[in-house]
Amino acid sequence: MIDRIDIKLLNLLQRHGPRPAAELGEAVGLSASACHRRIRALETAGIITGYTARLAPDRIGLGLDVFVDISLTSQSEEALNAFESAVRSYDEILECQLMSGASDYRLRVAARSVADFDRLHRQCLSRLPGVAAMHSAFTLRTIKAFEGYPVRAADGR
């Protein structure tokens, strides 16, 4: 079970990325060694699954975010496995979620431009196995970007 110090650490790590244990410890009221032990315990428990850098997509030439809803011709285990395996092979597909509702999957795709998305659509998305229908929506502007999960105590505080 995570406590209030773990919650503070998790929120700091999500918002600001890895920091020296001394800096994190000072922020949550622990020594550097105690803070380091807490972080290792959170990693061992599988609560912290890794560390990444957040990039500015437009600064690396990926100015277009596209959400693509996909419906498959079949929902058999073989069809789902084939689709999911193929999705993993394309770096431009940033995320893929199995959905409930009208579509089977929602993809988040990074593209350089509308012309680049057209290329991705023709050379990547249209080649995914078992696709019956695709509906794309372009991001006009991000209002609130993902910065981490809200970590709270079991009682909601």
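**Figure 1. The largest nonpolar core of the predicted model****.** In this predicted model, the largest nonpolar core comprises 19 residues. V68, F83, L107, V109, F117 and L125 are the residues with the most contacts inside this core. At least two core residues are supplied by each of four elements: β1 (64–72), α4 (77–88), β3 (105–111) and α5 (114–123). Strand β1 provides the largest share, 5 residues. Another core lies apart from this one and has 14 residues, including I5, I7, L42 and V151.

**Figure 2. The surroundings of V68****.** Neighbours of V68 within four places in sequence are left aside in this view. The remaining contacts of V68 include Y105, R106, L107 and V109. V68 is also in contact with F117 and L125, and with M134, H135 and S136. V68 itself is among the residues with the most contacts inside the largest nonpolar core, as are its contact partners L107, V109, F117 and L125.

**Figure 3. The aromatic pair of F117 and F138****.** Across the whole structure, 3 aromatic pairs are found. In the pair formed by F117 and F138, the ring centres are 5.4 Å apart and the planes stand at 80°, so the arrangement is edge-to-face. The pair links distant parts of the chain, with F117 in helix α5 and F138 in strand β4 (residues 131–138), 21 residues apart. F117 counts as buried because its relative accessibility is 6%, under the 20% limit. F138, at 38% relative accessibility, counts as partly exposed.

**Figure 4. The open sheet of 4 strands****.** The strands follow the order β2-β3-β1-β4, and their pairing is antiparallel. Strands β2 (93–98) and β4 form the edges, each pairing on one side only. From one strand to the next, the twist averages 20°.

**Figure 5. The pairing of β2 with β3****.** These two strands pair in the antiparallel sense over 5 bridges. Q97 has R106 in β3 as its bridge partner.

Terms used. Residues are numbered from 1 along each chain as its sequence is written. This is a predicted model: local features need pLDDT of at least 70, side-chain atom pairs count only at pLDDT 80 or more; totals for chains, interfaces and linings use all residues. Side-chain values use heavy atoms; hydrogens and water are left out. A nonpolar core is a set of buried Ala, Val, Leu, Ile, Met, Phe, Trp, Tyr and Cys residues joined through side-chain atoms within 4.5 Å. Buried means under 20% relative accessible area, exposed over 50%, partly exposed in between (1.4 Å probe, protein chains only). Contact means heavy atoms within 4.5 Å. Rings of Phe, Tyr and Trp (its six-membered ring) pair if their centres lie within 6.5 Å; planes under 30 degrees apart count as stacked, over 60 as edge-to-face and the rest as tilted. Two strands pair if DSSP finds at least two bridges between them. Axes are lines fitted to C-alpha atoms, for helices over the stretch in contact, and angles run from 0 to 180 degrees between N-to-C directions.
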